[in-house]
There are 2 protein chains.
Amino acid sequence: MREAGRLFSEQGYHPTSVADIVAALGVGKGVFYWYFPSKDELLIEILRSAQQDLRRKQRAAIGDEPDALRRIELGIRASLVWFHEHRASFNLFQFAASEERFAPVLRNNHEVAIADTARHIKEAIVEGRIADQDPHLLAEAVVGVTERLGRAFLLQRDDSVDQVADATVAFCLRGLSGE
Amino acid sequence: MREAGRLFSEQGYHPTSVADIVAALGVGKGVFYWYFPSKDELLIEILRSAQQDLRRKQRAAIGDEPDALRRIELGIRASLVWFHEHRASFNLFQFAASEERFAPVLRNNHEVAIADTARHIKEAIVEGRIADQDPHLLAEAVVGVTERLGRAFLLQRDDSVDQVADATVAFCLRGLSGE
DNA sequence: CGGGTTCTTGACCGTTGAGTCAAGTCGCTC
DNA sequence: GAGCGACTTGACTCAACGGTCAAGAACCCG
């Protein structure tokens with residue numbers, strides 16, 4: 001599954017044939033269809049398990065931090081570390097989002113992530129620490145910046161995670177802050 | 001070309017066959033290969049012309065505005081209006097970025113866009129109006145937020161462009177601003 | 001051992017889809 | 001209206017791919 005993820009990520013899902021995958025693994029084709037009902041299902045499996053892992057890491061990083069803004073910061077940092085360690089999965093997310101067949105798998109999880117972030121933001125708004133705007137929109141912005149900077153500076157270039165994380169957190173927290 | 005763009009965007013590039021395209025147009029297959037050397041080349045053509053159009057609109061919106069921050073704001077607004085009017089192309093960008101074959105076409109243009117934004121940002125930094133950080137990174141963040149909020153609120157939901165634009169500009173300018 | 005279950009193989013099948021091409025049609029010029 | 005080049009058609013080719021399956025190997029339990 002790891003190998004298949006790597007291949008999908010490197011060459012794209014469609015251009016990677018089942019024959020390629022089993023050849024890379026040095027096994028017969030039957031073995032593939034013994035473990036997975038179809039190529040599509042394999043991708044969905046990969047996506048699901050990657051998402052699950054990411055969310056686990058985020059939760060672990062946030063722990064029971066009481067400060068809402070700090071929770072957002074920890075979430076951003078955990079995400080960037082994960083992106084850095086799982087480039088292949090990160091790439092796949094982008095493809096999956098562009099195909100109607102796979103988008104629903106992501107959408108669900110994405111909505112939960114946004115809702116979570118929005119909760120922290122709402123709390124901070126109530127505390128009067130950030131601008132009183134639609135928390136949903138702000139959450140989308142924060143997640144968007146994180147993913148974008150992750151892609152640009154951790155995957156395409158190869159900057160230090162901490163440096164990128166510092167800058168991302170700074171930008172987001174300023175972006176959130178009321179006047 | 002517009003019809004092909006619509007189909008690619010709706011069903012995905014790979015699942016849309018040349019037969020689908022010519023059927024939707026009510027013409028023979030030969031006509032397709034008279035005008036385009038291959039299916040891949042058609043997508044590249046679509047991408048190029050969409051990018052060109054977007055950049056033209058951005059330039060037109062910015063005009064010769066002397067204020068650097070205002071130039072950034074105008075760029076963001078023009079982009080969001082364009083995304084709203086060209087959902088299909090916007091979708092295609094996302095797919096193209098995920099396939100090694102097409103990514104280079106986007107990358108080039110993307111780099112120019114980032115460099116442009118970074119120039120405005122650098123100018124504002126010199127004027128002491130925003131935080132002294134890597135302009136390249138800030139540019140990526142601004143473009144990232146714009147695309148993300150465009151996708152989330154103009155394509156998936158269908159909010160008013162002006163409302164989304166106001167919020168995007170507010171978040172970005174705050175994110176840029178020094179302390 | 002024997003027999004049953006779990007896994008593995010790779011040749012094979014059916015279909016799909018990109019791209020070709022011989023045979024036109026249309027409209028233009030002389 | 002003959003001749004020519006620009007365009008159009010859709011049946012056809014051919015390779016590739018997802019998925020199947022009959023034939024085992026490997027392992028386990030009694």
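Me: What rotation superposes chain A on chain B?
Reply: Happy to start there! This is a predicted model, and two copies of a chain are related by a rotation about an axis and a shift along it. Here the shift along the axis is 0.0 Å, and chain A lands on chain B with an RMSD of 0.1 Å. That is the relation of a two-fold axis. The rotation is 180°.

Me: Which residue of chain A has the C-alpha nearest the axis?
Reply: Let's stay with that axis for a moment. In chain A, the nearest C-alpha is 1.9 Å from the axis. The residue it belongs to is A:Gly175.

Me: What percentage of the contact residues of chain A recur in chain B?
Reply: Think about which surface each copy uses. The same surface serves both copies. The share of chain A's contact residues that recur in chain B is 96%.

Me: How are helix 8 of chain A and helix 9 of chain A oriented to each other, roughly parallel or roughly antiparallel?
Reply: Two packed helices are described by the angle between their axes and the distance between the axes. For helix 8 (residues 135–156) and helix 9 (residues 161–176) of chain A, the axes are 10 Å apart and the angle is about 155°. An angle over 145 degrees counts as roughly antiparallel. Helix 8 and helix 9 of chain A are therefore roughly antiparallel.

Me: How many charged residues are in the contact of helix 8 of chain A with helix 9 of chain A?
Reply: Good one to check by eye! Helix 8 of chain A brings residues including A:Leu138, A:Val142 and A:Phe153, and helix 9 of chain A brings residues including A:Val164, A:Phe171 and A:Gly175. By class, this contact has 12 nonpolar residues and three polar ones.

Me: Which helix gives the largest share of the surface near DNA strand C?
Reply: Begin with the neighbours: 14 residues surround DNA strand C, and among the closest are A:Val27, A:Gly28 and B:Ser17. Two or more residues each come from helix 3 (29–35) of chain A and from helix 2 (18–25) and helix 3 (29–35) of chain B. The largest share is four residues, and it comes from helix 3 of chain A.

Me: And which helix gives the largest share of the surface near DNA strand D?
Reply: Of the 14 residues around DNA strand D, those that come nearest include A:Ser17, B:Val27 and B:Gly28. By class, this surface has six nonpolar, five polar and three charged residues. Four residues make up the largest share, supplied by helix 3 of chain B.

Definitions and conventions
Residues are numbered from 1 along each chain as its sequence is written. Chains are lettered from A and ligands numbered from 1 in the order in which they are written. This is a predicted model: local features need pLDDT of at least 70, side-chain atom pairs count only at pLDDT 80 or more; totals for chains, interfaces and linings use all residues. Copies are superposed by least squares on the C-alpha atoms of residues with pLDDT of at least 70 in both. Two residues are in contact if their C-beta atoms, placed from the backbone, lie within 7 Å. A residue is near a molecule or strand if its C-beta atom, placed from the backbone, lies within 6 Å of it. Axes are lines fitted to C-alpha atoms, for helices over the stretch in contact, and angles run from 0 to 180 degrees between N-to-C directions. Angles under 35 degrees count as roughly parallel, over 145 as roughly antiparallel, 65 to 115 as roughly perpendicular and the rest as oblique. Ala, Val, Leu, Ile, Met, Phe, Trp, Tyr, Cys and Pro count as nonpolar, Asp, Glu, Lys and Arg as charged, and the others, Gly among them, as polar.
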